[in-house]
Amino acid sequence: MVTLYQLEGCPYCELVADRLDELDVDYDSVWVEGLHSKRNEVKRISGQRQVPVIVDDEYGVTMAESERIVDYLEQTYA
């Protein structure tokens, strides 16, 4: 299962979500707070507070930065 940590209105998050949809990958969305200081769950998982972040349990991958995530999704699920 893939989990996407994202922020409402974030274009980088939408880019990742759109690619997940295009590749027909099932995923859960976790909506995070707008304030960086409130993103403790994201920091605990990825070591930083920026979104998007994906966690791919099947492959043991946790990754940030939309371009890297999209590249990973294409290599793994396309």
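This is a predicted model: local features need pLDDT of at least 70, side-chain atom pairs count only at pLDDT 80 or more; totals for chains, interfaces and linings use all residues.
1. Counted along the strand, five of the five residues of β1 are buried.

2. T3 as an example. This residue lies in strand β1. Leaving out residues up to four places away in sequence, T3 touches D28, V30, V53, I54 and V55. Of the strands, β2 spans residues 27-31 and β3 spans residues 53-56.

3. The sheet. Four strands form an open sheet in the order β2-β1-β3-β4, and their pairing is mixed. The edges are taken by β2 (27-31) and β4 (61-64); each has a single partner strand, so one side of each is left without a neighbour in the sheet. On average, neighbouring strands of this sheet are turned by 15° against each other, direction ignored.

4. Pairing in detail. Strands of a sheet pair through backbone hydrogen bonds, either parallel or antiparallel. β1 and β2 run parallel and are joined by five bridges; Y5 has V30 in β2 as its bridge partner. β3 and β4 run antiparallel, with four bridges between them. Within that pair, V53 has A64 in β4 as its bridge partner, and D56 stands opposite V61 in β4.

5. The β3-β4 hairpin. Four residues sit between the strands of this hairpin, and G60 takes a positive phi near 65° there.

6. Helices across the sheet. Helix α1, residues 11-22, lies across β1 (2-6), β2 and β3, and runs at about 155° to β1. Helix α3, residues 66-77, lies across β1, β3 and β4, and runs at about 140° to β4. Both helices therefore lie across β1 and β3, going by contacts of heavy atoms within 4.5 Å.

7. Helix against helix. What is the angle between α1 and α3? The two pack at about 5°, and their axes are 9 Å apart. That makes α1 roughly parallel to α3, because angles under 35 degrees count as roughly parallel. On the α1 side the contact is made by Y12, L15, V16, R19 and L20, which meet S66, I69, V70, L73 and E74 in α3. By class, this contact has seven nonpolar, one polar and two charged residues.

8. Backbone points to check by eye. A cis peptide bond joins V51 and P52, with omega at about 10°. P52 is in the loop between α2 (40-46) and β3. D24 is not a glycine, yet has a positive phi of about 60°. D24 is found in the loop between α1 and β2, and at 66% relative accessibility this residue counts as exposed. E65, also not a glycine, has a positive phi of about 75°; its place is in the loop between β4 and α3.

9. G34. Where is G34 found? G34 is in the loop between β2 and α2. Its relative accessible area is 48%, which makes G34 partly exposed. Apart from neighbours within four places in sequence, G34 is in contact with L7 and R39. G34 and E22 are 12 residues apart in sequence, and their C-alpha atoms are 26 Å apart in space.

10. The annotated span. UniProt, in an unreviewed entry, lists residues 1-78 for "domain: GST N-terminal". In the model, residues 1-78 are 40% helix and 23% strand, and the end C-alpha atoms of the span lie 16 Å apart.

Notes:
Residues are numbered from 1 along each chain as its sequence is written. Side-chain values use heavy atoms; hydrogens and water are left out. Two strands pair if DSSP finds at least two bridges between them. Axes are lines fitted to C-alpha atoms, for helices over the stretch in contact, and angles run from 0 to 180 degrees between N-to-C directions. UniProt positions are given in the numbering used here, feature names are shortened, and annotations may be inferred rather than shown by experiment. Angles under 35 degrees count as roughly parallel, over 145 as roughly antiparallel, 65 to 115 as roughly perpendicular and the rest as oblique. Ala, Val, Leu, Ile, Met, Phe, Trp, Tyr, Cys and Pro count as nonpolar, Asp, Glu, Lys and Arg as charged, and the others, Gly among them, as polar. Buried means under 20% relative accessible area, exposed over 50%, partly exposed in between (1.4 Å probe, protein chains only).
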